[in-house]
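Hi there,

Here is the structure I promised to pass on to you. Have a look at it first, and then read my notes below.

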Amino acid sequence: MYFVYDDFFLKHENGPSHPENPDRLVYIMDALGKWQYSDSIDMVSPEEANEKQLAMVHTEEYINAVRKLSSGGGLSFLDMDTGVNKYTYKSAILGAGGCFKGLDLIFRPNPRFNKFFLAARPPGHHAFPSRGSGFCIFNTISLGAKYAQKKYGIEKIAIIDFDAHHGNGTQDVFYDDGSVFYISFHQYPHYPGSGNFNEMGDGSGKGYNLNFPFIPGTKEPDYIAAIIDIVVPVVERFAPELILVSAGYDSHFSDHMSSLGLNAVSYRKIMIAISSLAQYLCKGRIGIILEGGYEYLSTSESVLETLYGCMDISGLGDIKDRQGLEDYLTEDGCNLREKARNWQILKKIKDLFGVEG
Ligand SMILES: [Zn+2]
């Protein structure tokens, strides 16, 4: 696993007592430093993305506006809670460039690893082509998808987003684009308001946007059931050449930004399933981009479990053996379908996306 990080990401600030602050990364890096599997990590420094690269997703006016606002010094705001300080522009382009760096590494011939994790701030999945919102400045994961398509001739990419909030920016970027399949698990209704299951894409993107709008209180069984029964068959049918993950840890039960109930090991299980899909479909290639996660300790533990999940698929057989995957991810006697709280919603999604069973 390549791990992309730079101390510069600590310099972007949203103002005092803001939940999206440098301590998020301080805790992650501290936990990583003490991790027993740190030998299986290659630390990598990012390089800045240039304006031409940002323009793959964002308008020139917006890029210029952020740069100008940031160069002014002091603290300005793009919306009520999305701050821009002197270091924001550089931090955001280092984040985007860090995603490109991770992709360059995993697309090299004979790479040491086929996965990378990008621990950057600010996050990105609420950033639209012409405006930032929800703590996000540039849409790092969308930029990464465009970069992989352009530089490596990749045709199809799946983006899986397990942040507690709907990645409205990412959905918007690819809503009418059938080459990028956006899949999001999130609390609903909740900020930012979008993300119902009937938002399925438009034009040639119709059928390539899949939202799991989970009720407050949703825990691990719904995620595992949704992944096994819906995400695995749908992504298998789509056959992406790369999987990108918007990794937000505000879906952890201890995080005050949502009422979802995952625990640290849940992220390991989710990544085991995604990794086995990637192994089967796209030479194991996965890029993971940090989004939310505002409870420092649970976020740092969950990041380690995410990394561990990417390494822990040796005991798994064929991804087509869904029962095998289910047995691997659940305790004996756990009936996922009885425990799932969103079963009606999952059934509707199955119908909409033509998934049998
Ligand atoms: Zn979030």
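A239 counts as partly exposed because 13 C-beta neighbours lie inside 10 Å, and a residue needs 20 or more to be buried. In this predicted model, A239 sits in the loop between α7 and β9 (242–247). Its backbone is worth a look too: the phi of A239 is near 55°, a positive value in a residue other than glycine.

F135 also has a positive phi without being a glycine, with a value near 75°. You will find F135 in the loop between β5 and α5. Is F135 buried or exposed? F135 counts as buried, because it has 27 C-beta neighbours inside 10 Å.

The loop between β5 (115–118) and α5 (140–152) also holds P122. The peptide bond that leads from R121 into P122 is cis, and its omega is near -10°. Another cis bond joins Y191 to P192, this time with omega near 5°. For P192, look in the loop between β7 (180–187) and β8 (209–214). As background to these spots, most residues other than glycine have a negative phi, and most peptide bonds are trans.

Now to the helices. How do α7 and α12 pack against each other? Helix α7 covers residues 220–238 and helix α12 covers residues 343–352; the angle between them is about 15°, and their axes are 11 Å apart. That angle makes α7 roughly parallel to α12, because angles under 35 degrees count that way. The crossing of α7 past α12 is right-handed.

Which residues make the contact? From α7 come A225, A226, D229 and I230, while α12 brings L346, I349 and K350.

One more helix to visit is α4, which runs over residues 88–106 and has 19 residues. From its first C-alpha to its last, α4 reaches 27 Å, close to the 27 Å expected at 1.5 Å a residue. How many of the residues of α4 are buried? The count is 15 of 19, so α4 is mostly covered.

Happy exploring, and do write back with any questions!

Best wishes

Conventions: Residues numbered from 1 in each chain as written. Predicted model: local features only at pLDDT ≥ 70, side-chain atom pairs only at ≥ 80, totals over all residues. Helix = DSSP H or I, 4+ residues; strand = E, 2+ residues; numbered from the N terminus. Expected span 1.5 Å × (residues − 1). Buried ≥ 20, exposed ≤ 12 C-beta atoms within 10 Å, placed from the backbone. Axes fitted to C-alpha atoms, helices over the stretch in contact; angles between N-to-C directions. Parallel < 35°, antiparallel > 145°, perpendicular 65-115°, else oblique. Left-handed = near helix turned anticlockwise from the far one by under 90°. Contact = placed C-beta atoms within 7 Å.
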